[in-house]
Amino acid sequence: MDRDCAYSASKSGGETRHYIEGYAMKVGFRPQKMTKPERHMEAILKEAGLPYKFVGGNRLQVGNKYPDFVHKEGGKKLIEVYGDYWHRGQNPQDRIDYFEKHGYACIVIWEKELKEQPEDVLEWIIEFDEDIEYNKAQV
């Protein structure tokens, strides 16, 4: 362990935590909290009883991408939540195509859609979930 690491690691709680997070960033691990749109999506999914769980924050890697939600019951389906600010200018079809190349169906929901059309979002996800091509029996 180099000198800065030993010194930082010996400090009290908050400073040590800061050091650990800084080190994690150096080695490429970026722990992330759920964003507000992701929390909104999770609430919609739970309320409807749909079998998806949050795997964002680098919990699941597909190729070199990290999806937000994955089907819990073996269906190779992903849900991506695009924030209006962070994903502006991005083409969601690129993400959908990328995951499809890795054997996953993907639907992208924009933050604005979650806010303004939550009933429609739920309907789209239910239709997406019923697509038999990527359901458990086919995987």
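## Histidine 71, its surroundings and the chain around it

Visitor: With which side chain does the side chain of histidine 71 make a polar contact?
Guide: In this predicted model, local features need pLDDT of at least 70 and side-chain atom pairs count only at pLDDT 80 or more, while totals for chains, interfaces and linings use all residues. Residues are numbered from 1 along each chain as its sequence is written, and side-chain values use heavy atoms, with hydrogens and water left out. A polar contact is a pair of N or O atoms within 3.5 Å, of which, within protein, one must be able to donate a hydrogen and the other to accept it, and residues adjacent in sequence count only if both atoms are side-chain atoms. At 3.1 Å, the partner of the histidine 71 side chain is the side chain of aspartate 129.

Visitor: Is histidine 71 buried or exposed?
Guide: Histidine 71 has its place in strand 2, where strands (E, at least two residues) and helices (H or I, at least four) are DSSP runs numbered from the N terminus. Buried means under 20% relative accessible area, exposed over 50% and partly exposed in between, with a 1.4 Å probe and protein chains only. Because its relative accessibility is 11%, histidine 71 counts as buried.

Visitor: Which residues of helix 6 are buried, and why do they line one face of the helix?
Guide: Helix 6, residues 118-129, reaches 16 Å from its first C-alpha to its last, close to the 16 Å expected at 1.5 Å a residue, the expected span being 1.5 Å times one less than the number of residues. Seen down the axis of helix 6, the buried residues fall within an arc of 95 degrees, so they line one face, the arc being that of the directions from the helix axis to the C-beta atoms. The buried residues are Val121, Ile125, Phe128 and Asp129.

Visitor: Which residues have the most contacts inside the largest nonpolar core?
Guide: A nonpolar core is a set of buried Ala, Val, Leu, Ile, Met, Phe, Trp, Tyr and Cys residues joined through side-chain atoms within 4.5 Å, and the largest has 17 residues. Helix 3, strand 1, strand 3, strand 4 and helix 6 each supply at least two residues of this core. Those with the most contacts inside it are Met41, Leu45, Tyr52, Phe69, Ile79 and Ile125.

Visitor: On which side of helix 4 do its buried residues lie, and what is included in their cover?
Guide: The buried residues of helix 4 (residues 92-101) are Pro92, Arg95, Ile96, Tyr98 and Phe99. They cover an arc of only 160 degrees around the axis, which puts them on the same side of helix 4. Their cover includes strand 3 and strand 4.

Visitor: Which residues does tyrosine 66 touch, not counting residues up to four places away in sequence?
Guide: Tyrosine 66 lies in the loop between strand 1 and strand 2, and it counts as partly exposed because its relative accessibility is 31%. Its side chain makes a polar contact of 3.3 Å with the side chain of glutamine 61. With contact taken as heavy atoms within 4.5 Å, tyrosine 66 touches Asn58, Leu60, Gln61, Glu80 and Arg95.
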